[in-house]
Amino acid sequence: MVGMADCGACFCRVKCILLYQGKKEEVRIYGTVTDIIQKDEDMNRHIEKAKELRSPEKCYNCAETIMMAYADDLGLSETQAECLGCNFGGGMKCGGTCGAITGGLMVLGALGVSSPAVVGAFQRTIRDNHDGMTNCADLLRENALKGGEKKAHCDSMIMESIRLIDELADKDK
């Protein structure tokens, strides 16, 4: 079924063309390389917090956003969470591993998730969703080649990471 809908893959509130792949949870968003697993429930509080943190008035980096979205769960103040993530945005400020990935790994660890299988699943899922790429510079370059905007791409990476954190943290319990 092809149709217009609010895709939920980024925070831009733009209408995107969606193709439902026969399963209610799977949605392919054309124009991006990301497959987003869309749950039936409303956006969770971590996503809502991330939207607030990525608003034009604030716009924290990817790692800061993820750390701050989970600050309450981790017993941290937002300032502490921001400080922990500040040097991981922009691929550790040098185009290395994406801040949405490093932020996600920090949150998983802080939540007590350290199983190599679960951590590997997190990394593998993101890598597989992005043609093997995990470095910020590579992801942004590929996005630009496809005509994508940087902020929308980063927002999508943050959302993907948060969805995976929530899914994998639940499975690890």
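Predicted model: local features only at pLDDT ≥ 70, side-chain atom pairs only at ≥ 80, totals over all residues.
Good morning. Read from the N terminus, the order of elements is β-β-β-β-α-α-α-α-α-α-α-α-α.

Let me begin with some overall figures. The protein chain has 173 residues, and 42% of them count as buried. Its accessible surface amounts to about 9000 Å², and carbon and sulfur atoms account for 53% of that area. As for contacts between residues at least 6 apart in sequence, 54% join residues that are at least 24 apart.

I turn now to the helices, starting with the pair α1 and α2. Helix α1 covers residues 45-53, and helix α2 covers residues 62-69. How far apart are the axes of α1 and α2, and at what angle do these helices pack? The axes lie 9 Å apart, and the angle is about 135 degrees. That angle makes α1 oblique to α2, and the crossing of the two helices is right-handed. On the α1 side, the contact is made by H46, K49, A50 and L53; on the α2 side, T65, M68 and A69 take part.

M68 sits in helix α2. Is M68 buried or exposed? M68 has a relative accessible area of 2%, and so counts as buried, the cut-off being under 20%. Setting aside neighbours within four places in sequence, M68 is in contact with K49, L53, Y60, E78, A81 and E82. Two of these, K49 and L53, also belong to the α1 residues that make the contact with α2.

Which residues does I66 contact, leaving aside its neighbours within four places in sequence? They are A100, G103, G104, V107, I158, S161, I162 and I165. I66 and I101 are 35 residues apart in sequence, with a C-alpha to C-alpha distance of 9.3 Å.

Several of those positions bring us to helix α6, which comprises residues 99-110. Its partner here is helix α7, residues 116-129. The axes of α6 and α7 come within 11 Å and cross at roughly 160 degrees. The two helices are therefore roughly antiparallel to each other, since an angle over 145 degrees is counted in that way. The crossing of α6 and α7 is right-handed, as is that of α1 and α2. Where the helices meet, α6 contributes A100, I101, G104, L105 and L108, while α7 contributes V119, F122, Q123 and I126. Two of the α6 residues in that list, A100 and G104, are also among the contacts of I66.

Finally, I come to helix α8, residues 136-145. Within α8, C136, L139 and N143 are buried. Around the helix axis these residues cover an arc of only 70 degrees, which places them on the same side of α8. Just after α8 comes G147, which takes a positive phi of about 85 degrees.

Thank you for your attention. I am glad to take questions.

Key:
Residues numbered from 1 in each chain as written. Heavy atoms only, no water. Buried < 20%, exposed > 50% of the residue type's maximum accessible area, 1.4 Å probe, protein only. Helix = DSSP H or I, 4+ residues; strand = E, 2+ residues; numbered from the N terminus. Arc of directions from axis to C-beta. Contact = heavy atoms within 4.5 Å. Areas by Shrake-Rupley, 256 points an atom, 1.4 Å probe, with all protein chains shown as cover. Axes fitted to C-alpha atoms, helices over the stretch in contact; angles between N-to-C directions. Parallel < 35°, antiparallel > 145°, perpendicular 65-115°, else oblique. Left-handed = near helix turned anticlockwise from the far one by under 90°.
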